[in-house]
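Here is a briefing on how the inside of this protein model is packed. Look over the chain below, then read on by topic.

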Amino acid sequence: MNIEILAEKLVNYIKNVCKTSPYSIVSLGPNCYPKTVLTRTGLMKRKKQGQPTMPFDLAWYHSAKYITEFLSTDFDNFLVDLKYSEYSGSWDTKINFSHESYIGPTEKHRLIQVYRHRIKNFRNELKKTKPILFFQVLKDEKVGEDCLNTYKVLQKLCSERKFIYVVID
């Protein structure tokens, strides 16, 4: 099946689900593409429309397994080993923070503050009771996939809460 047709069917399905149920939608990266797709299709509001930014929205994870790791450890070691890359002009670790290139090499504390807030937004979203749709796009083979492990972690995080985990590869 053509990827465009599949994507269109998925968007229509999600829109129909969201009309009948008040779902939360959360991007699980591993880059900014899922958040971009969700906002451009109107499935998710933009930040200026009141949608809180979360830790997987605007960063590039060098491997999908890091997303699973951070979810399973409640973001322990998320902001450890940050180094500023003169090459990319942004902060980097297991994650590249290129969307925060406005945060310079002497402002590590500022990046930490921004992402602590985004992690708090994610935790607050998990506390809600309405169903949640997690959306991930694995379009780069270098990132790998960790879908089964991510799903198992999401089961633990959501406990009794209904959720859907959608992965496009």
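**Packing briefing**

Tyr151 counts as partly exposed, because its relative accessibility is 35% (buried is under 20% relative accessible area, exposed over 50%, partly exposed in between, with a 1.4 Å probe and protein chains only). The model is predicted, so local features need pLDDT of at least 70 and side-chain atom pairs pLDDT 80 or more, while totals for chains, interfaces and linings use all residues. Residues are numbered from 1 along each chain as its sequence is written, and side-chain values use heavy atoms, leaving out hydrogens and water.

**Aromatic pairs**

- The structure holds 14 aromatic pairs (rings of Phe, Tyr and Trp, the last by its six-membered ring, with centres within 6.5 Å; planes under 30 degrees apart are stacked, over 60 edge-to-face, the rest tilted).
- Phe75 and Phe122 make an edge-to-face pair, because their planes stand at 80°, with ring centres 5.6 Å apart.
- This pair links distant parts of the chain: Phe75 sits in the loop between α3 and β3 (83-85), and Phe122 in helix α4, 47 residues apart. Helices (H or I, at least four residues) and strands (E, at least two) are DSSP runs, numbered from the N terminus.
- Both Phe75 and Phe122 are buried.
- Tyr151 and Phe163 form a tilted pair, at 5.5 Å centre to centre and 45° between the planes.
- Tyr151 is in helix α5 and Phe163 in strand β7 (residues 163-168), so their pair ties together parts 12 residues apart in sequence.
- Phe163 has a relative accessible area of 19%, so it counts as buried.
- Ring pairs join Phe56, Tyr61, Phe70, Phe75, Phe78, Phe97, Tyr115 and Phe122 into a cluster.
- Arg118 lies over the face of Tyr115, 4.7 Å from the ring centre (the test is NZ of Lys or CZ of Arg within 6 Å of the ring centre and within 35 degrees of the ring normal).

**Nonpolar cores**

- The largest nonpolar core has 32 residues, and Tyr61, Phe78, Phe97, Phe122 and Phe134 touch the most other members. A core is a set of buried Ala, Val, Leu, Ile, Met, Phe, Trp, Tyr and Cys residues joined through side-chain atoms within 4.5 Å.
- Elements giving two or more residues to this core are α3, α4, β6, α5 and β7.
- Helix α4 supplies the largest share, seven residues.
- Another core, of 10 residues, lies apart from it; Val11, Leu133, Val137 and Val166 are among them.
- Leaving aside residues up to four places away in sequence, Phe97 touches Ala59, Leu79, Leu82, Ser90, Trp91, Asp92, Leu111 and Tyr115 (contact means heavy atoms within 4.5 Å).

- In helix α2 (residues 33-40), Pro34, Lys35, Leu38 and Thr39 are buried.
- These buried residues fall within an arc of 125° seen down the axis of α2, so they line one face (the arc is that of directions from the helix axis to the C-beta atoms).
- Their cover includes β1 (24-27) and β6.
- In helix α3 (residues 64-72), the buried residues are Ala64, Tyr66, Ile67, Thr68, Phe70 and Leu71.
- Covering them are elements including β2 (60-61), β5 (95-96), α4 (108-127), β6 (132-137) and α5 (147-158).

**Strand β1**

- Ser24 and Val26 point one way from β1, Ile25 and Ser27 the other way, and all are buried.
- β1 and β6 run parallel, joined by four bridges (strands pair if DSSP finds at least two bridges between them).
- Val26 has Phe134 as its bridge partner in β6.
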